[in-house]
Structures are given as C-alpha cells and as structure tokens.
Amino acid sequence: MPRDGYLSDLSGEQHALVDGFHELYYNSRYGNRTWGNTQWLGVRTLKCPLDLWLYQEILYERRPDLIVETGTAYGGSALYLASICDLIGSGAVVSIDIESRQEWPRHPRIAYVQGSSTAGPVVAEITRRAAACREVLVILDSDHRRDHVLAELRAYAPLVRAGGYLIVEDTIVNGHPVRADFGPGPYEAVEQFLREQPTWSVDRGMEKLLLSFNRNGYLRRNQ
Ligand SMILES: C[S@@+](CC[C@H](N)C(=O)[O-])C[C@H]1O[C@@H](n2cnc3c(N)ncnc32)[C@H](O)[C@@H]1O
C-alpha cells in the first residue's frame, strides 16, 4: 500500500519511534493487556482510546442513522457509540457477535444480533435494517483473520453511502507493526478489498493521532 499522508511525512527515525510505541502500547499490561483492560462507563472496551476519539469525529461529521458493529465482546464499544449518539442526538447501533453475554449493556439505542457476521441470515437482517437509512457506518471488529474480514467487507461495504466510512479494526496485527506471528489478517483483507473496489480509499487524515490500531483501516467510499 502507498505510504502517503501523515505517517510518510515522518522521518525514518520518527516512523520507527511511532511503530515502537505501537508495540509498547499493544503489549503493555495492567493486569490484562492494557487495551483489554480499558473501560467506557465501567464496561470493558477492547480499543485504543485514540481510535475512539476518531470515531467521535466521524460520528459528529457524518451523523449516521445506523452504526453496524461486528464483534460485540463485552459491549463497551457499542455503549461508547450509543453514548456519542446520545450527545449528538441521533443514531442507532446494531452489534453482532457469534456469542451472547448476559452482561451486555442495555441502552435504548443498541440492538444485539447473535450469529456469525458473515452468515446469510445475519447479513440479510442487517441489510434490511440499513435499507431505509440515509447514512450507515460500518465497523468490523470480529474474527480478524483475513478471509473472514474480506467476507465482511464484501457483505457490508455496499451498505455505506458515498462519503461514508467503513472502519476495519486491528489492521496493525501481522507485523503492521505488532503481532508478527498473527498470519494474514485485517491489513491483508483491506489490501485485497481495495484492489477489487476502486471507489474506496484509505482516509490518511485518520493517521493524525499517530497511534491507532486501525492504520490503513479507516476506509471511505468516494462515490
Ligand atoms: C475484538 S472482540 C470485539 C471487541 C469489541 N468491539 C470492543 O471494542 O470492545 C471480537 C469479538 O468477535 C466475536 N466473533 C468472533 N467471530 C465472530 C463471527 N464470525 N461473527 C461475529 N462475531 C464474532 C467474538 O466472540 C468476540 O466477542
């Protein structure tokens, strides 16, 4: 992938520093891994907080009426999204997970769907919910293996309108620059998807905070 934008404006030494900090942060521990021990309003949220800030900027700018999240885990990211929707005054969240948890936070803006994000009935249900929406934001954060993410991209990208975003989480694994042992993952899925879909591109502006788990993963539909 081309390295234009904020990160490639850095010197080689600065870039190495940024990559090194990704490794330090990703692998740091406070009990559990720090990113696995981060909470929104008391609910575990498996995110880098700087990415949540970028989410907030996208939500404020685009004001999606539907946010589709694959991968609920403890429900912290769904609750965060719903909280920002409360502040903005619009939007609903549908969060999909293959597992169901009793402790998922209840919130009037959140609906949970249980099943695999790539299963036909689940994709059909989400497509039905998105049909009447003016703006849809999609966040892919379930099974991070390449083929699954690519299948999600193919299933859910058509729901996003021109100018809208699809966020692929955890593109930094498989050595980009963390978890070199991971194997083909979200980064490789994005590479393939962009080869197939020239109307989509990476929003380099989302590199501005330098630390992100979703480097190359903030995708924007151009038309
Ligand atoms: C990285 S966690 C999600 C983190 C959550 N979005 C957050 O930020 O707090 C991944 C979740 O994806 C779920 N998952 C794994 N494979 C899945 C699939 N095929 N479809 C839907 N969810 C899946 C797992 O059960 C797990 O809860």
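As the model is predicted, local features need pLDDT of at least 70 and side-chain atom pairs count only at pLDDT 80 or more, while totals for chains, interfaces and linings use all residues.

**Stop 1: the ligand.** You will find 18 residues, the closest being Leu-46, Lys-47, Gly-71, Asp-97 and Asp-141. By class, this shell has three nonpolar, 10 polar and five charged residues; Gly counts as polar here, and Asp, Glu, Lys and Arg as charged.

**Stop 2: polar contacts.** Now look for pairs of N or O atoms within 3.5 Å. On Lys-47, a side-chain N or O atom is 2.6 Å from a ligand oxygen. Move to Gly-71, where a backbone N or O atom lies 2.7 Å from a ligand nitrogen. At Ile-98, a polar backbone atom is 3.2 Å from a nitrogen of the ligand. The protein buries 86% of the 610 Å² that the ligand exposes when taken alone (Shrake-Rupley, 1.4 Å probe).

Stop 3: Hide the ligand: the space it takes is the largest pocket (more than half of the ligand's atoms lie within 2 Å of the pocket's grid points). A pocket is an open set of points on a 1 Å grid where a 1.4 Å probe fits, with protein on both sides within 12 Å along at least five of seven lines; lining residues have an atom within 4 Å of a point. The volume is about 660 Å³. Among the 33 lining residues, Gly-71, Asp-141, Ser-142, Asp-143 and His-144 are closest to the centre. Colour α3 (76-88) and β6 (92-97), the elements that give two or more residues to the lining.

**Stop 4: the backbone.** Select His-176 and Pro-177, whose peptide bond is cis, with omega near 15°. Finally, pick Ala-73, which has a positive phi of about 50° although it is not a glycine.

Key:
Residues are numbered from 1 along each chain as its sequence is written. Side-chain values use heavy atoms; hydrogens and water are left out. Grid points are joined across faces, edges and corners, and a volume is the space filled by probe spheres set on the points. Helices (H or I, at least four residues) and strands (E, at least two) are DSSP runs, numbered from the N terminus. A residue is near a molecule or strand if one of its heavy atoms lies within 4 Å of it. A polar contact is a pair of N or O atoms within 3.5 Å; within protein, one must be able to donate a hydrogen and the other to accept it, and residues adjacent in sequence count only if both atoms are side-chain atoms.
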